[in-house]
Amino acid sequence: MNYGYFDDPNREYVITDFRTPVKWINYIGTLAFGGYVDHTGGALLCKGDPMLNRITKYITQLPASEFKGTGLYLRIPETHGKAGYRVFSPFSVPCLNRLDRYECHVGLGYTRILSEAEGILTDVTIFVPRGAACEVRRIRITNQTEEPIHVDVIPVVEYTHFNALMQLTNADWVPQTMQSECVEQANGLKVFKQYAFMNKKTAVNYFTSNIAVDSFETDRRPFLGENEYGSWANPFSLQQAHLSNSVALRGDNIAALLHDLGILKPGESREIITLLGQEASLEAAQATIDRYRNPDAVQAALDEERAFWDQFLAHQQVNTPDPAFNTMLNVHNARQCYITLHWSRYLSYYQLGYGARGMGYRDSSQDVMGALPLATEDSLALIRKLLSVQKKNGSAMHQFNPLSMVGSEGDSLEREDRPHYYSDDHLWAVLAVSHYLRETGNLAFLDEIIPYYEKDRSGQPVESGSVLDHLVRAVQFTHIDLGQHGLPLLGFADWNDTLNLPKGAESVLTACLYATALHELIVLAVHLGQSALVDRFQQYYEEIKNKVNQYAWDGNWYAAYFDADGTPLGSKHNANGQIYAYPQAWTVISALAEGDRAKMALESVSKYLNTRNGIKLSTPGFNGFDPTKGGVTTYPPGAKENGGIFLHVNPWVIIAETMVGNGERAYEYYQQINPAAKNDRIEEFECEPYVYPQNILGDEHPLFGLARNSWLSGTASWMYQAGTCYILGIQPTLAGLRINPCIPPQWDGFEVTRQFRGGMYHIHVHNPKHLCQGVRQLLVDGHVIQGDTVIAYEEGHHTVEITLEE
Ligand code: NOJ
């Protein structure tokens, strides 16, 4: 079954049944001001750090039927001579009334909910105008009946304490601080202030509208009524002619604004705009309030939003025979890359933003790699931040707050008996920088001076280095951080956070990342003519290649780890965790896999790890807690990193398959996790079909196929790269654009429009012989270029014709 459909021309997903298995969300605004809005109108909004400055009280863990953060009530008089009102919500939640029509248009930067109940059509568009610290809701009400109807509209916001954790930890101090105020403005309109006394500064949350407010509540108690034995589903106050105009000086602060729209004739529409924002003072907010009370300004801001996405998506558009593939790459996957770039793992329906985690070093490095062709400048800004939390010794802080730039060692500090660093973080940044250089050709960036993380007492960095120096130090760190087999030490963990082996363990994945980073630096050094670096890194590469092949080859696949005593994990000798997917993928990507081993390793992935819902991270899962293995054993078999389909790993295998020329299998793996392709059997998957989740339960789990942790996953970046750079083969290189597809043989061909360094390339690949790959010549603007070669960058529009040949 499905809960909606893709509307590609409008770049929307349209939810048509609001009873989705879990809430499906959409992002509005940015980390500077924004958050997410769910498909029943609830919204979690923050300004800056979601832990330190949260605005709406959105408690994810409450049932789906509950009021969350924001909502909308409508009421009309009872008919047939009955007293009172029929109160309902156009989002159904929280009244849980029947809707005769429901559509939630999940758009790029906005959500629009259209519904019909009691003969009233409500059309609400929710978004944050670019650059504004204010959520705008444009609410259009139409009387669809043959009779005149008197309609009242009551938008409601529930505030939280600005300190998100404090809201949950103290039920006296917090309500004692919560205060609201009603301010009547010269134009007769009211603004409702709610004070946020943040540690050293104060701020004002405000809620207002562009028409007169009949009456209001700012305290939840009188709104729900009878000491809150009234409920969000049925607030007793809405049976009174007017609200009580309560001004809360404590308690659970809300803003419920009753607007009397008067009588709407049959077919008549009225519009109201609400604004929810935060500024240092009401005075500071006034310009924004004045601006967006005007419907024309709201429409202009929506147009601006659309124009932004037009431009963003135009960087790369594809046209293949597979509509689900096109939908994801052209709209939703590209958009998810933008979201992960900016929101990292900060705030989602699953990642609640209560911790001081900030951004992950490895997460952001990988997010950058997918987003680079689409948001080059934003990616560069993040790269600079990443390099500035790299340490002098070349390793990196595991996490950092992008606002304060304070770093942390993450969970590695939690266990005294484990090393306090992650072995992979710094290496990902080498790949991110190398992607940036290949995308832009901006080699001058290598000379830019960026400080290392360590600071002196006055907070000044103690050492700085060029970007190239940062990259060299990163590989040098790993070069000397080796264990008994000459493989990199694991540290607290590698990319797999949950495998926390005792001190002295070695990681094959880190060896592969190290080799890939070396490879990128060798290509760069060759390009720069730095032969000493080339020779040094070539030697390092050969050394690690020998070690991995000497010790980690297990017969049919590569082992993943060596314990401190030299015992392998990810080996046929293990009862649990016999085979891991990522060493197989990465030995191929790094070209460490020798001879037939690349194909054999990938065959083993197909044989032991593949399922119809995706490739499992490992198998068999551990069953029961084992402190010598760490976090992975806290999950039941089949969940998350313990034998679950941890999606992030899937695109790595897809990429590896294209590298051995297996376009058929690469595509099959792509298809089996493409959420858009799951749209019609969503009851198993449960999450949004328009974004990649982080995890799906594996076949060792009774709920095989169930997805969770949608949106903020590195899967977005890697699936975008797998689809565009590897299956379609659009590969930026230092010298120009290389086109090297590895497609399913059944495709007759495909087209890509790709912006590259200011040039626009219209690429047509023909596949009359139904091959996977084979670029023997290119026709660029009518000129033949022999061989599988790169197209040197030139400004302007260019046509590229390729016919795959044996
Ligand atoms: C999620 C974390 O954000 C990421 O850094 C890690 O690599 C994966 N989990 C795998 O453990």
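Helices are DSSP runs of H or I with at least four residues, numbered from the N terminus. The expected span of a helix is 1.5 Å times one less than its number of residues. The model is predicted: local features need pLDDT of at least 70, side-chain atom pairs count only at pLDDT 80 or more, and totals for chains, interfaces and linings use all residues. Residues are numbered from 1 along each chain as its sequence is written, and side-chain values use heavy atoms, with hydrogens and water left out.

**View 1. Length of helix α5.** Helix α5 covers residues 295–314. Its 20 residues should span 28 Å, and the end C-alpha atoms are 29 Å apart, which agrees.

View 2. Buried residues (under 20% relative accessible area, 1.4 Å probe, protein chains only) are A297, V298, A301, L302, E305, W309, F312 and L313. They fall within an arc of 150° seen down the axis, so they line one face of the helix. The arc is that of the directions from the helix axis to the C-beta atoms. On the other side, D296 and Q311 are exposed (over 50%).

**View 3. The ligand shell.** Residues around the ligand (a heavy atom within 4 Å) are R357, R362, D363, W495, N496, D497, E641, F646 and Q694.

**View 4. Ligand oxygen distances.** A side-chain N or O atom of E641 is 2.5 Å from a ligand oxygen. For the side chain of D363, the distance is 2.6 Å. D497 uses a backbone N or O atom, 3.0 Å from a ligand oxygen.

Technical notes: Helix = DSSP H or I, 4+ residues; strand = E, 2+ residues; numbered from the N terminus. Polar contact = N/O pair within 3.5 Å; in protein donor to acceptor, adjacent residues only side chain to side chain.
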